[in-house]
Amino acid sequence: MGRYFLDLEFTNGNYYLADIIELALLAEHSGNIFHSYVRIHYLIPTRVKELTNISDDLLATAGCSFKDTIASLSAFLCDEQKRSDTQPIIIAHAGFSFGFPILFANFIKHIITHLNAFRIFCSLTVYRFLKIMVINNVWDWIHCASNLV
């Protein structure tokens, strides 16, 4: 199964104003990692610099445009999916609270209309669901979580 773990760093928590400054995706089955810094047109807020250790200079020298980042991410997913016969699942911790809304708002902001088909999954939602269940050992948790995906 094509499961991918997403991590984003962004400029603030407002879905519509936040700009993604770093995007990483780990392919579970191969261990391959996609990573990109994303250039923005303003200085990174001080608090975000402190939390992420990402500097304006780093984005200026190593960053790509958001559109180029998504094009590279799409190529990465296409290449990884050659090894899988299922639709990819992108998993993010607290994805429904932050990651996915900010990602999709950036798609709209940058007029990205074509995406590969994928499903999204929030690990925090699963954690909240499993927390109310009695889990006797780690194997019970793994079995329950894998059945939810």
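**Entry 1: Phe98.** I looked up phenylalanine 98 first. Its relative accessibility is 42%, so I logged phenylalanine 98 as partly exposed. I note that the model is predicted.

**Entry 2: aromatic pairs.** I listed the ring pairs next. The count comes to five aromatic pairs. In one of them, phenylalanine 10 and phenylalanine 98 have ring centres 6.5 Å apart. Their planes stand at 20°, so I called the pair stacked. The cut-off for stacked is under 30 degrees. This pair joins distant parts of the chain. Phenylalanine 10 sits in strand 1 (residues 3-10), and phenylalanine 98 sits in helix 4 (residues 95-109). They are 88 residues apart.

**Entry 3: Phe104 and Phe107.** I then turned to phenylalanine 104 and phenylalanine 107. Their rings form a tilted pair, 5.7 Å centre to centre with 40° between the planes. Both belong to helix 4, and because they are three residues apart, about one helical turn separates them. Phenylalanine 104 has a relative accessible area of 28%, so I logged phenylalanine 104 as partly exposed.

**Entry 4: cluster.** I checked how these rings group. Phe104 and Phe107 share one aromatic cluster with Phe66 and Phe100.

**Entry 5: helix 4.** I went through the helix for burial. Its buried residues include Gly95, Gly99, Phe100, Ile102 and Leu103. Ala105, Asn106 and Phe107 are buried as well. What covers them? I found strand 1, strand 2 (20-27) and helix 3 (66-81) among the covering elements. Strand 5 (89-92) and strand 6 (119-122) are also included. After helix 4 comes isoleucine 111, with a positive phi near 55°.

Methods: Residues numbered from 1 in each chain as written. Predicted model: local features only at pLDDT ≥ 70, side-chain atom pairs only at ≥ 80, totals over all residues. Heavy atoms only, no water. Phe/Tyr/Trp six-rings, centres within 6.5 Å; stacked < 30°, edge-to-face > 60°. Helix = DSSP H or I, 4+ residues; strand = E, 2+ residues; numbered from the N terminus. Buried < 20%, exposed > 50% of the residue type's maximum accessible area, 1.4 Å probe, protein only. Contact = heavy atoms within 4.5 Å.
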